[in-house]
Amino acid sequence: MATELISSPLPGKILSIKVAAGQAVKEGDLLLTIEAMKMENEIVATIDGTVEEVMVKAEDTVQIGDSLISIAEG
């Protein structure tokens, strides 16, 4: 079973996390919201699967490429 690692596409602050470890997600489901330059950016699932790990929490500051969430395909 493959694992997809969702990384931050931009620097910013985590506003909210919408999923938890063990939760099933479908491609396109909202995972979390990042605030960057006073704009809210939605990060969505890229595959169907199960959330393995959430590596950030609300209010965390992230940089481009930082790991956010891992999803086990399936």
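Trainee: What is the bridge partner of Thr3 in β8?
Mentor: Ala72 is the bridge partner of Thr3. Keep in mind that this is a predicted model, where local features need pLDDT of at least 70, side-chain atom pairs count only at pLDDT 80 or more, and totals for chains, interfaces and linings use all residues. Residues are numbered from 1 along each chain as its sequence is written, and side-chain values use heavy atoms, with hydrogens and water left out.
Trainee: How many bridges join β1 to β8?
Mentor: 5 bridges, and the two strands run antiparallel. Strands here are DSSP runs of E, at least two residues, numbered from the N terminus. Two strands pair if DSSP finds at least two bridges between them. Ile6 stands opposite Ile69 in β8.
Trainee: And which residue of β8 is the partner of Val54?
Mentor: Ile69 again. Val54 lies in β6, residues 49-54, which 5 bridges join to β8 in antiparallel fashion.
Trainee: What is the strand order in that sheet?
Mentor: β1-β8-β6-β3, an open sheet with antiparallel pairing. The edge strands, β1 (3-7) and β3 (24-25), each pair on one side only.
Trainee: New topic. What order does the β5 sheet have?
Mentor: β5-β4-β2-β7, open, with antiparallel pairing. Its edges are β5 (39-44) and β7 (61-62).
Trainee: Which strand do 4 bridges join to β2?
Mentor: β4, residues 30-36, running antiparallel to β2, residues 12-17. Lys13 stands opposite Glu35 in β4.
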